[in-house]
Amino acid sequence: MNKADKAESLFRTGYNCSQSVYAAFAEELGITVEEAAKKASPFGAGFGKLREVCGAVTGMVMVIGDLYGYDDPKDAAGKKKLYALVQKLCGAFEESEGSLICRELLGLEKGEDLEEPAVRTEEYYQSRPCVKACRRAAEILEEYIKNKRIIERLMLNIKNRAVR
């Protein structure tokens, strides 16, 4: 199962957008789906129902931090590289979906809200952009990780050939 399918499946079981994307990568992060879901739980509905940054985007960025983040507060180069990566992947999401902001994706005005937690029916899934957002965030991230691994393998092969 690819990560987009996994994120959609998790969302359809009742997890929020952030949990669904983050937990889709739980195996790569060395944690369980349940641990991932707990860690990402406050970020659904645009950051705790504030309707700000889309939860699917937040889940994607959480994975980026776990996989590629820096921990040395003096690592200016690491910070610059990480922020560039976040901007690149968030930019891809925004270009695809039209916004990074939950309320904008839902067609809401600032301060306007929807009843939450909504009952998850097929009509719900058809009327909300959330499934698509979860799928797209997971696709963008999975594609990046796959391409990064391919490049790393190529670089290793080049390095190994040079050593011979």
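Ala 45 is found in helix H5, which spans residues 44-47. Helices here are DSSP runs of H or I with at least four residues, strands are runs of E with at least two, and both are numbered from the N terminus. Ala 45 has a positive phi of about 60 degrees, although it is not a glycine.

This is a predicted model, in which local features need pLDDT of at least 70 and side-chain atom pairs count only at pLDDT 80 or more, while totals for chains, interfaces and linings use all residues. Residues are numbered from 1 along each chain as its sequence is written, and side-chain values use heavy atoms, with hydrogens and water left out.

Arg 51 lies in the loop between H5 and H6. Phi of Arg 51 is also positive, near 65 degrees, in a residue other than glycine. With a relative accessible area of 4%, Arg 51 is buried. Buried means under 20% relative accessible area, exposed means over 50%, and partly exposed lies in between, with a 1.4 Å probe and protein chains only.

## The chain as a whole

The protein chain has 10 helices and zero strands. Read from the N terminus, its elements run α-α-α-α-α-α-α-α-α-α. Its C-alpha atoms fill a box of roughly 65 × 35 × 30 Å, taken along the principal axes.

Of the 164 residues of the protein chain, 38% count as buried. The accessible surface comes to about 9800 Å², and 53% of that belongs to carbon and sulfur atoms. Accessible areas come from the Shrake-Rupley method with a 1.4 Å probe; for residues, only the protein chains shown count as cover. Among contacts in the protein chain with a separation of 6 or more, 64% are between residues 24 or more positions apart. Contact means heavy atoms within 4.5 Å.

## Helices H1 and H2

Two packed helices are described by the angle between their axes and the distance between the axes. The axes of H1 (residues 3-12) and H2 (residues 17-24) come within 8 Å and cross at roughly 140 degrees. That makes H1 oblique to H2. Angles under 35 degrees count as roughly parallel, over 145 as roughly antiparallel, 65 to 115 as roughly perpendicular, and the rest as oblique.

The crossing of H1 and H2 is right-handed. On the H1 side, the contact is made by Lys 3, Lys 6, Ala 7, Leu 10 and Phe 11, and on the H2 side by Cys 17, Ser 20, Val 21, Ala 23 and Ala 24. By class, this contact of H1 with H2 has seven nonpolar, one polar and two charged residues.

## Phe 11 in H1

Phe 11 lies in helix H1 and counts as buried, at 1% relative accessibility. Leaving aside neighbours within four places in sequence, Phe 11 is in contact with several residues, including Asn 16, Tyr 124, Tyr 125, Val 131 and Cys 134. Phe 11 and Arg 120 are 109 residues apart in sequence and 9.6 Å apart in space, C-alpha to C-alpha.

## Helices H6 and H7

The axes of H6 (residues 55-68) and H7 (residues 76-97) come within 11 Å and cross at roughly 150 degrees. H6 and H7 are therefore roughly antiparallel to each other. H6 passes H7 in a right-handed crossing.

Residues of H6 in the contact include Val 57, Met 60 and Tyr 68, and those of H7 include Leu 82, Cys 90 and Phe 93. The residues of this contact divide into 11 nonpolar, no polar and no charged.

Note on methods
Axes fitted to C-alpha atoms, helices over the stretch in contact; angles between N-to-C directions. Left-handed = near helix turned anticlockwise from the far one by under 90°. Nonpolar A, V, L, I, M, F, W, Y, C, P; charged D, E, K, R; others polar.
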